[in-house]
Amino acid sequence: MTRSDLLTLSSEVESAVAANQPVVALESTVIAHGLPRPQNLATALRLEEIVRAEAGVPATIAVLDRKLCVGLDAEQRELIANSDDVKKLSTRDLPAAVARGWNGATTVASTMWIAHRAGIHVFATGGIGGVHRGELQDVSADLRELSRTPMIVVCSGAKIVLDLPATREWLETHSITVAGYQCDEMPAFYSRRSGLAVDVRCDSPDHVVEIFNAQRKLGIESALLVTVPVPAEAEVEAAVLQRVLDVALADAEREHITGRDLTPFLLARMSEQSEGATLRANIALLENNARVAAQIASAL
Ligand code: PSU
Ligand code: MN
């Protein structure tokens with residue numbers, strides 16, 4: 001079996017890629033492990049609708065029945081959202097998932113890996129993984145994949161649960177250009193501000209495309225990270241955010257939560273503690289990022 005036998009594009013995505021139409025890749029870990037039921041399935045559907053409303057073709061990615069699936073049908077989407085037997089698969093897990101027939105949702109890292117090989121150039125997500133807080137050197141594979149995959153990744157910065165200054169430094173060291181979409185500061189997921197500068201401000205999809213094209217001309221093989229702040233009306237107030245973050249981090253430490261379970265645990269705990277305010281922000285920024293990504297894909 002070759003790599004292309006493993007890669008299955010839905011017919012819609014396949015013809016859109018072949019015809020150079022705007023396609024936006026979407027990840028599935030946020031559906032399976034990042035959001036609670038039933039909002040997860042509703043959000044997955046909504047993100048696809050938003051991409052379509054901007055004349056784009058959505059390509060949600062997951063691993064099902066030993067295939068890297070690009071573009072899911074309704075049944076596959078429901079399985080990812082509602083089955084208890086869906087693993088969180090990062091790039092390192094793809095070989096085992098294919099060999100053992102594990103069904104799984106893809107993270108930012110593995111979604112990029114697959115989307116790039118499917119010929120897709122634009123990907124929308126919520127927040128990327130990064131350098132975790134604390135003593136242990138827990139660095140998300142999302143960062144490494146960003147450093148070696150030439151794609152436009154639209155997000156709201158790195159997740160607030162991370163060590164944001166350390167994550168910012170990692171992006172710089174590995175030559176990942178960070179653009180601020182209508183902002184001068186990297187957003188911090190549920191919050192519009194981080195105090196960390198972006199490398200360049202982009203005010204329109206065309207500005208983003210100009211930089212992406214320059215990267216290609218220069219032969220720079222890393223991603224262009226386009227950071228978009230959460231819409232102001234959904235931003236979580238700083239004091240609330242600090243309180244729920246402190247509780248979540250302390251609970252994770254006490255319960256010895258580590259590895260792939262850490263991010264989903266922290267997000268769920270913050271949502272409980274904030275009476276859903278962080279969940280509302282998460283959904284709002286995902287929707288907004290899908291829209292911006294589709295506009296960028298159209299401009300490309
Ligand atoms: N963004 C969200 N919710 C999420 C994630 C991103 O709004 O759940 C997921 C992404 O799939 C990302 C993963 O790749 O969290 C990072 O996990 P880790 O820190 O274990 O690498
Ligand atoms: Mn990790």
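How many nonpolar, polar and charged residues does the lining of the second largest pocket have? In this predicted model, that lining has seven nonpolar, five polar and four charged residues. The pocket itself has a volume of about 360 Å³ and is lined by 16 residues, among which Arg133, Gly134, Glu253, Ile257 and Leu262 lie nearest its centre. Helix H11, spanning 238–254, and helix H12 each supply at least two residues of this lining, and H11 gives the most, with three residues.

The largest pocket has a volume of about 520 Å³, and of the 31 residues that line this pocket, Lys88, Thr107, Ser140, Asp142 and Thr263 are the closest to its centre. By class, the lining divides into eight nonpolar, 15 polar and eight charged residues. At least two residues of the lining come from each of H3, helix H8 (141–148) and H12, with H3 giving the most, namely four residues.

Ligand 1 sits in this largest pocket, where 17 residues surround the ligand, the closest being Glu27, Lys88, Val108, Ser140 and Asp142. The shell around ligand 1 comprises four nonpolar, nine polar and four charged residues. Helix H3 (29–34) and helix H12 (262–273) each contribute at least two residues to the shell, and H3 gives the most, with three residues. Polar side chains approach oxygen atoms of the ligand at several positions: a polar side-chain atom of Ser140 lies 2.7 Å from an oxygen atom of ligand 1, an N or O atom in the side chain of Lys88 is 2.8 Å from an oxygen atom of the ligand, and for the side chain of Asn282 the corresponding distance is 2.9 Å. Taken alone, ligand 1 exposes 480 Å², of which the protein buries 94%.

The largest cavity has a volume of about 70 Å³ and is lined by Leu26, Glu27, Val30, Ile31, Ala44, Leu47, Thr60, Ala124, Thr125 and Leu286. H3 and helix H4 (39–53) are the elements that give two or more residues to this lining. The lining residues of the cavity divide into seven nonpolar, two polar and one charged.

Definitions and conventions: Residues are numbered from 1 along each chain as its sequence is written. Chains are lettered from A and ligands numbered from 1 in the order in which they are written. This is a predicted model: local features need pLDDT of at least 70, side-chain atom pairs count only at pLDDT 80 or more; totals for chains, interfaces and linings use all residues. Side-chain values use heavy atoms; hydrogens and water are left out. A residue is near a molecule or strand if one of its heavy atoms lies within 4 Å of it. A polar contact is a pair of N or O atoms within 3.5 Å; within protein, one must be able to donate a hydrogen and the other to accept it, and residues adjacent in sequence count only if both atoms are side-chain atoms. Accessible areas come from the Shrake-Rupley method with a 1.4 Å probe; for residues, only the protein chains shown count as cover. On a 1 Å grid over the protein atoms alone, a cavity is a set of points where a 1.4 Å probe fits but cannot get out, and a pocket is an open set with protein on both sides within 12 Å along at least five of seven lines; lining residues have an atom within 4 Å of a point. A molecule sits in a cavity or pocket if more than half of its atoms lie within 2 Å of its grid points. Ala, Val, Leu, Ile, Met, Phe, Trp, Tyr, Cys and Pro count as nonpolar, Asp, Glu, Lys and Arg as charged, and the others, Gly among them, as polar. Grid points are joined across faces, edges and corners, and a volume is the space filled by probe spheres set on the points.
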